[in-house]
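Good morning. Please have the sequence and the model open.

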Amino acid sequence: MKWIGLVLPVMLLCSSPSFAALRTNEVAPAFSLPDLDGKAVVLRDVLKGGRRASGGVVLSFFATWCGPCRKELPILNSMAGELQAQGVAVVIVDLKEDAAVIRRFVEDLKLDGLTVLMDGDGKTAAKYQVRFLPMTFCVGADGRIKDMIYGEVRSSNEFRTCAEKLLP
């Protein structure tokens with residue numbers, strides 16, 4: 001009986017409702033974040049086609065110190081053209097780092113196909129309930145979350161499967 005008192009809290013913490021950031025079909029939290037040039041990018045505008053897309057957005061949270069992020073972002077970058085041709089924007093959001101550090105990271109990895117945003121205070125990541133990095137959301141043109149990917153993406157097919165849920 002004593003072990004139930006120990007196991008039950010762990011099970012509750014790891015269960016889907018407490019572990020999941022948000023649920024599919026929920027409205028994605030709105031945000032306005034600066035890009036590396038300091039220009040504000042608003043989620044609503046990205047979803048309406050204001051920045052290269054109208055079919056939704058693949059939104060990935062990362063940090064330069066995150067090893068799995070360093071591995072997956074080149075995969076996402078290599079797919080950016082394909083996704084954008086299908087009307088899907090590709091946006092990555094750095095968590096709480098300086099623009100110069102992010103810019104150097106983006107240049108080192110040659111991430112030239114992605115829109116890079118800065119969440120300097122972490123408030124947007126908190127809205128998305130990001131608990132670890134990387135974390136990716138596929139948000140439809142209707143503003144609803146269609147899919148989420150927890151942790152490192154190891155192949156383009158994982159991003160493609162997520163993005164396909166954004167297409168009509």
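**Disulfides, a helix pair and some backbone details**

C138 counts as buried, at 0% relative accessibility. Buried means under 20% relative accessible area, exposed means over 50%, and partly exposed is in between, with a 1.4 Å probe and protein chains only.

Before I go on, a word about the source. This is a predicted model, so local features need pLDDT of at least 70 and side-chain atom pairs count only at pLDDT 80 or more, while totals for chains, interfaces and linings use all residues. Residues are numbered from 1 along each chain as its sequence is written, and side-chain values use heavy atoms, with hydrogens and water left out.

Back to C138. Which cysteine is joined to C138? The partner is C162, with an S to S distance of 1.9 Å. A disulfide here is a pair of cysteine sulfur atoms within 2.5 Å. The link of C138 and C162 is right-handed, with 135 degrees about the S-S bond. This pair links distant parts of the chain, 24 residues apart: C138 is in strand β6, residues 135-140, and C162 is in helix α7. Helices (H or I, at least four residues) and strands (E, at least two) are DSSP runs, numbered from the N terminus. C162 is also buried, at 0% relative accessibility.

By the same rule the count comes to 2 disulfides. The other one joins C66 to C69, S to S 2.4 Å. The torsion about the S-S bond of C66 and C69 is about 75 degrees, so this disulfide is right-handed. C66 is buried at 4% relative accessible area, and C69 is buried at 0%. With the bonded cysteines numbered in sequence order, the pairing reads 1-2, 3-4.

Now the helix pair. Two packed helices are described by the angle between their axes and the distance between the axes. For helix α4, residues 67-85, and helix α7, residues 156-164, the axes come within 9 Å and cross at roughly 50 degrees. That makes α4 oblique to α7. Axes are lines fitted to C-alpha atoms, for helices over the stretch in contact, and angles run from 0 to 180 degrees between N-to-C directions. Under 35 degrees counts as roughly parallel, over 145 as roughly antiparallel, 65 to 115 as roughly perpendicular, and the rest as oblique.

Which residues make the contact? On α4 they are E72, I75, L76, M79, E82 and L83, and on α7 they are S156, F159, R160 and A163. Contact means heavy atoms within 4.5 Å.

Next, L166, which lies in the segment after α7. L166 is buried, with a relative accessible area of 9%. Leaving aside neighbours within four places in sequence, L166 is in contact with several residues, including V57, V58, V88 and C138. The C-alpha atoms of L166 and D142 are separated by 9.4 Å, and the two residues are 24 apart along the chain.

Last, the backbone. Most residues other than glycine have a negative phi, and most peptide bonds are trans. The peptide bond from L133 to P134 is cis, with omega near -10 degrees. P134 is found in the loop between α6, residues 123-127, and β6. Q129 is placed in the loop between α6 and β6, and phi of Q129 is near 55 degrees, a positive value. Q129 is partly exposed, at 33% relative accessible area.
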